[in-house]
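Dear colleague,

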Amino acid sequence: HAASPTEEFDQNYEQHLTREALQHLTSEQQNVLALRFGQGYSLEETADVMQKKPNAIKALQFRALAALRHHVEDAENE
């Protein structure tokens, strides 16, 4: 089904907020999110690329997503 203009605007706005929020993350946080969600790497693959243990990647990903959520929510409330 085709998105209405309002739905399309909302999606574009959310993507814009997310891109802006990503810029507030550390390079390591950006990297882990890019590998996990952009490239679809597993925890183990991401750990290999970033030369970390899988548990460290889990923690880094958790913190990155929390920070991303926080920055998006702040932007929405402005």
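The buried residues of α3 (43–50) are covered by elements that include α2 and α4 (54–77). Please note that this is a predicted model. The residues concerned in α3 are Leu 43, Thr 46, Ala 47 and Met 50. Viewed down the helix axis, these buried residues of α3 fall within an arc of 100 degrees, so they line one face of the helix. This spacing accords with a general rule: an α-helix has 3.6 residues a turn, so residues three or four places apart point the same way.

Ser 42 lies in the loop between α2 (27–38) and α3. With a relative accessible area of 25%, Ser 42 is partly exposed. In sequence, Ser 42 and Pro 54 are twelve residues apart, while their C-alpha atoms are 9.3 Å apart in space. Just after α3, Gln 51 adopts a positive phi of about 55 degrees.

I turn next to the largest nonpolar core, which has 15 residues. Those touching the most other members are Leu 25, Val 32, Leu 33, Met 50, Ile 57 and Leu 68. Two or more residues of this core come from each of α1 (5–22), α2, α3 and α4. The largest share, six residues, is given by α4.

Finally, which residues is Leu 25 in contact with, leaving aside its neighbours within four places in sequence? They are Gln 30, Leu 33, Ala 64, Ala 67, Leu 68 and His 71.

Yours sincerely

Definitions and conventions: Residues numbered from 1 in each chain as written. Predicted model: local features only at pLDDT ≥ 70, side-chain atom pairs only at ≥ 80, totals over all residues. Heavy atoms only, no water. Helix = DSSP H or I, 4+ residues; strand = E, 2+ residues; numbered from the N terminus. Buried < 20%, exposed > 50% of the residue type's maximum accessible area, 1.4 Å probe, protein only. Arc of directions from axis to C-beta. Contact = heavy atoms within 4.5 Å. Core = buried A, V, L, I, M, F, W, Y, C linked by side-chain atoms within 4.5 Å.
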